[in-house]
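Thanks, everyone. Let me put the model up, and then we'll go through it piece by piece.

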Amino acid sequence: MIEVSIKKELLSVDGKLELSIDMNFEDGEFVALFGESGAGKTTILRMIAGLEVPDSGRIVVKNQVWFDSQKNINLHPSKRKIGFVFQDYALFPNMTVKENLTFALQKGDDAEIIDELIETVGLKELINRYPSQLSGGQQQRVAMTRALVRRPNILLLDEPLSALDHTMRHKLQDELAKIHKQFNLTTILVSHDPSEIFRLCNRVYQLESGVVKKEGSPSEIFVKEKISGSFKFVGEVLAIESCKPVYLLTVAVGTQIVKIMATESEREELHIGSRIQIVSKAFHPMIFKIDST
Ligand SMILES: Nc1ncnc2c1ncn2[C@@H]1O[C@H](COP(=O)(O)OP(=O)(O)OP(=O)(O)O)[C@@H](O)[C@H]1O
């Protein structure tokens with residue numbers, strides 16, 4: 001069990017922001033921190049890791065006090081058993097994959113773990129390459145593996161997959177799910193992507209301006225209606241063509257570009273760059289499988 005009960009005054013672009021949170025994580029949980037930009041998600045991870053000091057509060061991990069402002073306890077980051085994965089991989093460019101992994105070992109650690117992990121995560125073919133010789137996805141697999149070297153109690157993931165394309169993202173989500181299952185690691189993921197959270201996490205803390213606004217399962221947080229009678233997508237208009245008597249809109253929806261029809265009255269309010277909501281009233285949608293998984 002991990003208990004995080006901390007406060008810290010932050011400085012946002014709009015002025016002071018009081019971060020004040022109480023969170024608990026059961027052993028082996030995979031929990032998402034979700035919420036608007038600037039809500040404090042990264043700062044929470046950094047305070048758990050000991051990279052930033054809370055103004056007050058306590059952090060207790062498996063009955064070990066990592067931080068207690070009243071008792072003046074603040075365990076050094078190197079003494080906290082965490083694995084941290086960032087969006088930008090943060091590998092050492094002048095070290096090979098194996099050297100990057102070995103560098104994460106601390107005095108007295110069992111070096112056999114490196115070979116075990118290389119085997120488990122399937123990095124064998126890449127161990128002598130330098131980061132510049134790897135794709136983004138491969139670099140992130142190395143970064144994820146490196147985070148496991150010290151057999152952490154908690155894995156902290158700060159938008160680890162957001163720089164990757166859709167296919168690689170899915171692959172690494174599977175990899176993360178596998179790692180989580182295999183090591184039964186309590187994992188905290190910062191993500192802006194509800195579908196990623198849905199695939200990976202059992203619980204979500206939704207944050208707003210430094211406080212928890214909602215907490216629940218991914219469906220409790222993201223599914224607005226129990227049974228959806230319609231679909232809603234938010235998109236941005238990229239182009240408008242006249243195809244009398246209607247108009248054809250080219251719209252960016254997530255990572256996809258779609259063409260949809262608009263009537264003259266709908267078109268009147270729109271211009272290039274308009275953000276729109278596309279609602280389909282289909283009760284029996286057609287579903288096509290798009291990959292072989
Ligand atoms: N050490 C600090 N001292 C004061 N303010 C800080 C500190 N670190 C971050 N902040 C501010 O606190 C706010 C929250 O930052 P944080 O990076 O935690 O947000 P976030 O929810 O992770 O955002 P994003 O989704 O954009 O990554 C920001 O306005 C940031 O500028």
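I'll take the domains, then the ligand site, then the packing.

Keep in mind that this is a predicted model. The domain assignment gives domain 1, residues 2–222, and domain 2, residues 230–281. Their C-alpha centres lie 38 Å apart.

Now the ligand. Which residues are closest to it? S37, G38, K41, T43 and E52, out of 14 residues that surround the ligand. Strand 1 (2–12) and helix 1 (41–49) each supply at least two residues of that shell.

In the side chain of S37, an N or O atom is 2.4 Å from a ligand oxygen. A polar backbone atom of T42 is 2.9 Å from an oxygen atom of the ligand. As for cover, the ligand taken alone exposes 640 Å², and the protein buries 66% of that.

On to the packing. In soluble globular proteins, nonpolar side chains tend to be buried together. Here, the largest nonpolar core has 40 residues, and L101 and V149 touch the most other members. Several elements each supply at least two of its residues, including strand 3 (30–35), helix 2 (97–103) and helix 5 (166–183). Helix 3 gives the largest share, five residues.

What does V149 touch, leaving out residues up to four places away in sequence? L101, A104, L105, I113, I114 and L117.

Note on methods:
Residues are numbered from 1 along each chain as its sequence is written. This is a predicted model: local features need pLDDT of at least 70, side-chain atom pairs count only at pLDDT 80 or more; totals for chains, interfaces and linings use all residues. Side-chain values use heavy atoms; hydrogens and water are left out. A nonpolar core is a set of buried Ala, Val, Leu, Ile, Met, Phe, Trp, Tyr and Cys residues joined through side-chain atoms within 4.5 Å. Buried means under 20% relative accessible area, exposed over 50%, partly exposed in between (1.4 Å probe, protein chains only). Helices (H or I, at least four residues) and strands (E, at least two) are DSSP runs, numbered from the N terminus. Contact means heavy atoms within 4.5 Å. Domain bounds come from an automatic or database domain assignment. A residue is near a molecule or strand if one of its heavy atoms lies within 4 Å of it. A polar contact is a pair of N or O atoms within 3.5 Å; within protein, one must be able to donate a hydrogen and the other to accept it, and residues adjacent in sequence count only if both atoms are side-chain atoms. Accessible areas come from the Shrake-Rupley method with a 1.4 Å probe; for residues, only the protein chains shown count as cover.
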